[in-house]
Amino acid sequence: MDYKNVLKLISENISSGLFIVNKEGIVVFYNQSANNLAGLNEENAIGKHMLEIFPKLTEETSTIIRALTTGEVIKNYVQNYYNYQRKLVTILSNTVPIYENGEIVGAIEIFSDVDQYKNINQNRYNKKQKGNIIEKAHYTIDEIVGVGQCVKDVKQKIKKIADSKSPVLVYGETGTGKELIVQSIHNLSQRCDNPFIAQNCAAIPGTLLESMLFGTTLGSFTGAKDSKGLIEAADGGTLFLDEINSMDIMLQAKLLRVLQEGHIRRIGENKTRFVDVRIITALNQNPYKAIEEGRLRSDLFYRLNVINFSLLPLRDRSEDLEVLSYHFLNEFNRSLDKNIKGFTNEVIEFFHSYNWPGNIRELRHSIEHAVNMTEKDIIAIEDLPKCVDINHKATDYLQENRGEEKNVIIINETLDEMMNEYERKIISKSLKQNDYNVVKTSKMLNIPRQTLYYKMKRLGIKADKSME
Ligand SMILES: Nc1ncnc2c1ncn2[C@@H]1O[C@H](COP(=O)(O)OP(=O)(O)OP(=O)(O)O)[C@@H](O)[C@H]1O
Ligand SMILES: [Mg+2]
């Protein structure tokens, strides 16, 4: 393979900027995305020294010169600078020295536009936003549906603690309603007219998240004005940090300090600023397990876990299944302009037997799918979404890679796919054992006959010997 050509192709097709300099710091390679970010074209850059292109930088502040002179690898570094066209840009860069025969012969810098991350993240959380700041939570406590004890307790607790400033930690599997609860707390509190700022910690590299949370003071190399972080932006309101177990462990220590001291310091600044922010965090992994795995600092956990919501998965809340199903049916009847009356008994039975890995979100999507698909005024089992293709994929893979009896764990499939395959295997074997009698098999597996039929259909299993 011609690696020069490959490098050219990569550099032309990535959205990140790419600089390569020789050992003197002279630019020898420079891609289109770098043109856009640095505000300059290739003819102007090639053959020039880095400090000539960025006159505000110095030998100390330029990461590429640093990598060149010290041999340091500089990862996820956030920099603010005025580009060649005097436009202020914030970039996240990774810089590595190039070694040949043990000597540094140049350096590479790959960098991307930080604002692009900010927008993706914040758009996920709220529809009402001004510029980059999310201003309002849209869910309220009345939207929390359910008749079981878990939902009753949650609603009562929200009412009790909404006005307190104590930190809250919400734990629950994906789709169990964590966001719904967090926003409801904010909307019921006296802070409801102040900002609600949500940030997912998983989507952002550590150093960038730090500057987003704490804000930055631009150093001598930039000359630009200060920028406020999300903690300050949430002053008077609520800061929701989702997937806290994905936050860099060093940053967790800094967050703990904010919680203990009640003030922050922007990066590169000596001055402290007092903030009045309620911090709510969420995670979809058991917090004790996260601590054990070293993903969550125990001191931070105890500080965050002053008020705690632990949400049950949908499979353990069967008392809420029907009321939630009808709630979503009404919602989609309205939005899709339909008039579907309900569900067959078989559907309800299936809902009770299914394990709902995606929890309430999955139930909602299944009902949306069914409302779109049905041609009658009642939802039947065949209107629910099926995953036939996924099963085929898992089956093919299995057949290619093992004999029937070997116990192989397929790690390149999703958990759902593996569970489906496991279920398919158990059902097929039980059917064979019962001479393909569905009634006997359903008794043996202790599930209703209709549920077994549904599962067989979903998993592509036929009740005859041709499957052997
Ligand atoms: N008790 C409930 N009543 C009505 N709708 C609910 C309830 N719980 C969750 N939902 C709905 O389920 C969907 C998923 O909820 P939400 O986004 O709050 O889950 P989550 O726990 O934050 O999930 P993730 O961990 O994937 O971010 C949303 O559409 C939400 O409105
Ligand atoms: Mg969520």
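Ala, Val, Leu, Ile, Met, Phe, Trp, Tyr, Cys and Pro are counted here as nonpolar, Asp, Glu, Lys and Arg as charged, and the others, Gly among them, as polar. By these classes, the shell around ligand 1 holds seven nonpolar, five polar and six charged residues. The model is predicted: local features need pLDDT of at least 70, side-chain atom pairs count only at pLDDT 80 or more, and totals for chains, interfaces and linings use all residues. Residues are numbered from 1 along each chain as its sequence is written, ligands are numbered from 1 in the order in which they are written, and side-chain values use heavy atoms, without hydrogens and water.

The shell comprises 18 residues, each with a heavy atom within 4 Å of the ligand. Val 145, Thr 174, Gly 175, Lys 178 and Arg 361 come nearest. Polar contacts are pairs of N or O atoms within 3.5 Å. Oxygen atoms of ligand 1 lie 2.5 Å from a polar side-chain atom of Thr 174, 2.6 Å from one of Lys 178 and 3.0 Å from one of Arg 361. Alone, ligand 1 exposes 630 Å², and the protein buries 88% of that (Shrake-Rupley method, 1.4 Å probe).

Helix 8 (178–188), helix 14 (318–335) and helix 16 (359–373) each supply at least two shell residues. Helices are DSSP runs (H or I) of at least four residues, and strands (E) of at least two, numbered from the N terminus. Domain 2 (126–310) and domain 3 (314–383) each contribute at least three residues to the shell; the bounds come from an automatic or database domain assignment.

The protein has 20 helices and 18 strands. Of its 468 residues, 46% are buried (under 20% relative accessible area, 1.4 Å probe, protein chains only).

Conventions:
Polar contact = N/O pair within 3.5 Å; in protein donor to acceptor, adjacent residues only side chain to side chain. Buried < 20%, exposed > 50% of the residue type's maximum accessible area, 1.4 Å probe, protein only.
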